[in-house]
Amino acid sequence: MFDNLSDKLDRAFKVLKGHGSITEINVAETVKEVRKALLDADVNYKTAKTFTDTVKERALGMNVLTSVSPGQLMIKVVNDELVELMGGNASELDLKQNPSIILIAGLNGAGKTTFTGKLANFLKTQKGKKPFLVAADVYRPAAIDQLKVLSDQIGVPVHTDYESKNPVKIAEAGIAQAKASGCNVVIIDTAGRLAIDEQMMNEIAEVKDATQPHEILFVVDSMTGQDAVNTAKAFNDRLDFTGVVLTKLDGDTRGGAALSIKSVVNKPIKFIGTGEKMDAIDVFYPDRMASRILGMGDVVSLVERAQQQFDEKQAAELQKKIRKNKFDFNDFLSQLNQIKKMGNIKDLMGMIPGVGKAIKDVDIDDNAFKHIEAIIQSMTPLERENPELISGTRRNRIAAGSGTSATEVSKLLKQFEDMRKMMKVFADPGQAAKMMRNMPRMKR
């Protein structure tokens, strides 16, 4: 999302490269470039001006330590201000009530219904809640069907009524059904329009008055830029929503909505959508997003994603197998599947500091593992457990079954064996230390 902005900010900081001190002239030049970068990213003009004025004031008021270059100091100032601009801290949902009622609002096409399913899945899998969905979009029959499909997919109950055209009664009936079912969170998907109109605003205001939601989340398509901010303001004036959800951040968006929306409506961004899958939802952390914008990665989010797929018991068993050199292709396939569940490969690599810029122009195919999976799945159970049994004739059979070549099968077997040896060494701290001591010292 922020690739273009990151590049331009990087060029802006280069204005200070080689300068030994912060001066009004070099700061003014840098700030001018930062402002241009923000405006190019479709950030609200007033927001961009206020932001850069604050950055300039802070930078000129700071003394540069001998160990810190002016460029580094400016990055620190911009980072701090970006965090503040986007809300400072992550904003939690209010889920203290039983049931907690969450109203989802927004225009058609923003991704409300998909987000409703994602949020229910997030609350169920990450927060241990028992969510209940209510399909209150009475104008788009496909919205009811879509929510029903999503509810089946994530295993969450849903209230639907194809006959009624009264969203207030549907919402009230849904809440009653949720209480009877013992669910503790009710998520109501409401109708949208292609543009803001009085009828839609009156209708959702009536649903709000009738249901008294504890959270009202405004879902906005981040690809619409400043239109998203203007729409958010109009909704907030009528609904006084509690938070914003930015969808389609995995698309070709310049990021202006994410940077502007908090300062314009003074409401926090609570979630971001990063894909179509039900687990493609993240809590919005301003500090982590600022780090990613400035090319500093986001290791915390990477670790959190890994932990979500981490099974402590399975990991302990795997370590035992590695020490005994029993790690096989079944284990390897299991690890591949865990990595795939963490999300888009390029997105994951971009969270590693310094890697994002390096792979910016590299096309990383999310299907890169498919030929490896095909080869492993073409092996017999005995071959997966004992790769050393795979001889020439077996390789030819596996290649034919996986649509690859015998050379590719041989290459995978060699890489797997090398990896297995390395894993065995590092699974034993004593062996690893011995190997490090025995390594020849590099000549200067």
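Which strand pairs with strand 2 in the parallel sense over six bridges? That is strand 4, residues 185-190. Strands here are DSSP runs of E with at least two residues, helices are runs of H or I with at least four, and both are numbered from the N terminus. Two strands count as paired if DSSP finds at least two bridges between them.

Before going on, this is a predicted model, with local features needing pLDDT of at least 70 and side-chain atom pairs pLDDT 80 or more, while totals for chains, interfaces and linings use all residues. Residues are numbered from 1 along each chain as its sequence is written, and side-chain values use heavy atoms, without hydrogens and water.

Back to strand 2, residues 131-136. F132 has V186 as its bridge partner in strand 4. Strand 2 also runs parallel to strand 3, residues 158-159, with two bridges joining them, and L133 stands opposite V158. Between strands 2 and 3 the chain passes through helix 6, residues 141-154, in a right-handed β-α-β crossover; that is, with the strands pointing away from the viewer, the path from the first strand over the helix to the second runs clockwise.

Six of the six residues of strand 2 are buried, meaning under 20% relative accessible area with a 1.4 Å probe, protein chains only. P131, L133 and A135 cover one side, and F132, V134 and A136 the other.

Now the cores: sets of buried Ala, Val, Leu, Ile, Met, Phe, Trp, Tyr and Cys joined through side-chain atoms within 4.5 Å. The largest has 56 residues, and F51 and L82 are among those touching the most other members. Helix 4, residues 70-85, gives the most to this core, six residues.

Terms used:
Buried means under 20% relative accessible area, exposed over 50%, partly exposed in between (1.4 Å probe, protein chains only).
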